[in-house]
Amino acid sequence: LVQVLVQGHFKLQPHCCFVIVNMSCSGTLKKFMEGKGFGFIENSDGSGDVFVHFSQLNNGRSEDMIAGTAMTFDIETDNRSGKTKATNVTLSKGGGGGGGGGSSGGGKSVGKSKGK
């Protein structure tokens with residue numbers, strides 16, 4: 001049997017892959033590999049980096065996962081591997097800013113006009 005924290009109360013479960021070990025953590029996105037969809041959050045309590053996958057975002061998209069963005073999250077531990085991951089991830093308002101820039105080649109040109 002495994003004790004699982006559910007909405008602030010521990011309940012015994014016959015079999016469970018993940019157990020919440022820490023709720024309402026905060027930190028800053030340290031690194032994100034957009035092509036792979038995951039990265040690492042630097043936990044503000046100094047306990048080390050936490051793996052994060054963009055599918056765990058409550059708000060925003062993978063494009064919003066910019067290094068330096070502040071966020072809150074819960075931490076779960078996989079009973080089989082012993083590794084931790086961030087869940088219930090919420091990007092803080094104001095975030096790390098929008099990447100912006102870049103050229104997709106599909107927009108209109110702004111500025112000097114051709115000719116003359």
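**Chatting about rings and strands**

Trainee: How exposed is Phe40?

Mentor: Phe40 is partly exposed, with a relative accessible area of 30%. Partly exposed sits between buried, under 20% relative accessible area, and exposed, over 50% (1.4 Å probe, protein chains only). This is a predicted model, where local features need pLDDT of at least 70, side-chain atom pairs count only at pLDDT 80 or more, and totals for chains, interfaces and linings use all residues. Residues are numbered from 1 along each chain as its sequence is written, and side-chain values use heavy atoms, leaving out hydrogens and water.

Trainee: And what about Phe38?

Mentor: Phe38 counts as partly exposed too, because its relative accessibility is 21%.

Trainee: How many aromatic pairs are there?

Mentor: The structure has 3. In the Phe38 and Phe40 pair, the ring centres are 6.3 Å apart and the planes lie at 90°, so that pair is edge-to-face. Rings of Phe, Tyr and Trp (its six-membered ring) pair if their centres lie within 6.5 Å; planes under 30 degrees apart are stacked, over 60 edge-to-face, and the rest tilted.

Trainee: Which residues do ring pairs link into a cluster?

Mentor: Phe38, Phe40 and Phe51.

Trainee: New topic: how many helices and strands?

Mentor: The protein has 0 helices and 7 strands. Both are DSSP runs numbered from the N terminus: helices are H or I, at least four residues, and strands are E, at least two.

Trainee: How much of the protein is buried?

Mentor: 24% of its 116 residues count as buried.
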